[in-house]
Amino acid sequence: MTAPPSSSDANAPAQHFEVRPFAAPVGAEVIGLDISKPISTEDFARIHKAHLDHHVLVFRCQQITPQEHIDFSRRFGPLEIHVLHQFQLKDHPEILIVSNIKENGEPIGLGDAGVYWHSDISYKPKPSLGSLLHAQELPSEGGDTLFADQHLAWESLSPELQQRILPLKAEHSYLAKYEELRAKNPWRPKLSQAQIDQVAPAVQPVVRTHPETGRKALFVSEHFTTRIVGLPQDESDALLAQLFAHSVKPEFVYRHTWAPHDLVFWDNRSLMHLAAGTPDHLRRRLNRTTIVGDTPF
Ligand code: SIN
């Protein structure tokens, strides 16, 4: 198991916050912590533990700047720069704008981020440790985000299926659904050769072990997983369809309804997530940072 993240503010005063689990399979609210203030070593260790225990943490009403969002995220590891540089926040390339808003006819962000279940950046050799979305502008209806616990998904498979899939590996590709999404949403940029080169497919274990807790989790997704390596395509398709359906059963899911200035921090090694959708006529915008993780095993 890897050591916990290290950076911390040794001299910061304690903030007296509470971690209150949701009445849901995963998730907890962190009450009383102000991310814009210095966070002590002890408080940081509690947040880190809560993240490992609950997989998704909700910090309500965080009036933080993009730089504070980046600084807090960086305490957990280096940050990913998303391949769609078109949707980086100006002067803050670590922030990907997730938004359906168009200004002067041009999209300001990735409008269809998360329309299929996925774990962030699973198409790279080092997928993401976790991601943090900070609400900027919310619709009056819709716009929820769903999180599905992939430890529970693994643990509830039959022993026979567990034994069958444990040694398997699967290919994950950013490009798998890119043209399909672009056909539906023509504002999606055509990728340059340099962008295509950045997202060559990666092969990942079908079942991964969390590097900090040691728990196993299913690690395939309808967005990025294209095939099980070594199986005939029809067998691979049938097995993936079975795993996709199982992995997002309602009993594994927490549904997050956004409130102004929510900061939501989830563990991509434990969860998959899905954007439930926003009515076209309503505006939604969130800023996302994405922490680089380890090579899955
Ligand atoms: C994402 O997949 O990072 C976006 C999720 C959302 O917009 O709810």
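## Sheet and strand pairing

β8 and β18 pair in the antiparallel sense over 8 bridges. Strands pair when DSSP finds at least two bridges between them. Strands (E, at least two residues) and helices (H or I, at least four) are DSSP runs numbered from the N terminus. The model is a predicted one: local features need pLDDT of at least 70, side-chain atom pairs count only at pLDDT 80 or more, and totals for chains, interfaces and linings use all residues. Residue numbers start from 1 along each chain as its sequence is written, and side-chain values use heavy atoms, with hydrogens and water left out.

Ala135 faces Leu286 in β18 as its opposite residue. β18 also runs antiparallel to β5, joined by 4 bridges. There, Leu96 stands opposite Arg288 in β18. Strand β18 spans residues 285–292 and is mostly covered, with 7 of its 8 residues buried. Buried means under 20% relative accessible area, exposed over 50%, and partly exposed in between (1.4 Å probe, protein chains only).

## The whole sheet

These strands belong to an open sheet of 8 strands with mixed pairing. Its order is β1-β2-β3-β16-β8-β18-β5-β4. β1 (18–21) and β4 (88–89) are the edge strands, each pairing on one side only. β1 and strand β2 (residues 28–31) are antiparallel and share 4 bridges. Val19 has Val30 in β2 as its bridge partner.

## Nonpolar cores

The largest nonpolar core has 27 residues. A nonpolar core is a set of buried Ala, Val, Leu, Ile, Met, Phe, Trp, Tyr and Cys residues joined through side-chain atoms within 4.5 Å. Val56, Leu84, Phe147, Tyr174, Tyr254, Val264 and Trp266 have the most contacts inside this core. At least two of its residues come from each of β3 (56–59), β5 (92–99), β8 (128–137) and β16 (263–267). Another core lies apart from it, with 26 residues, among them Ala28, Ile39, Phe44 and Ile64.

Val56 touches Val26, Gly27, Ala28, Phe147, Tyr254, Val264, Phe265, Trp266 and Leu271, leaving out residues up to four places away in sequence. Contact here means heavy atoms within 4.5 Å.

## Cavities

The whole structure holds 5 cavities of 30 Å³ or more. On a 1 Å grid over the protein atoms alone, a cavity is a set of points where a 1.4 Å probe fits but cannot get out; a pocket is an open set with protein on both sides within 12 Å along at least five of seven lines; lining residues have an atom within 4 Å of a point. Grid points are joined across faces, edges and corners, and a volume is the space filled by probe spheres set on the points.

Ala, Val, Leu, Ile, Met, Phe, Trp, Tyr, Cys and Pro count as nonpolar, Asp, Glu, Lys and Arg as charged, and the others, Gly among them, as polar. The second largest cavity has about 90 Å³. Its lining includes Val98, His118, Trp266 and Arg288. The classes are 5 nonpolar, 4 polar and 2 charged.

## The largest pocket

The largest pocket has a volume of about 430 Å³. It is lined by 22 residues, and Asn100, Gly111, Asp112, Thr278 and Asp280 lie nearest its centre. β5 and α5 (178–184) are the elements that give two or more residues to this lining. The lining divides into 10 nonpolar, 7 polar and 5 charged residues.
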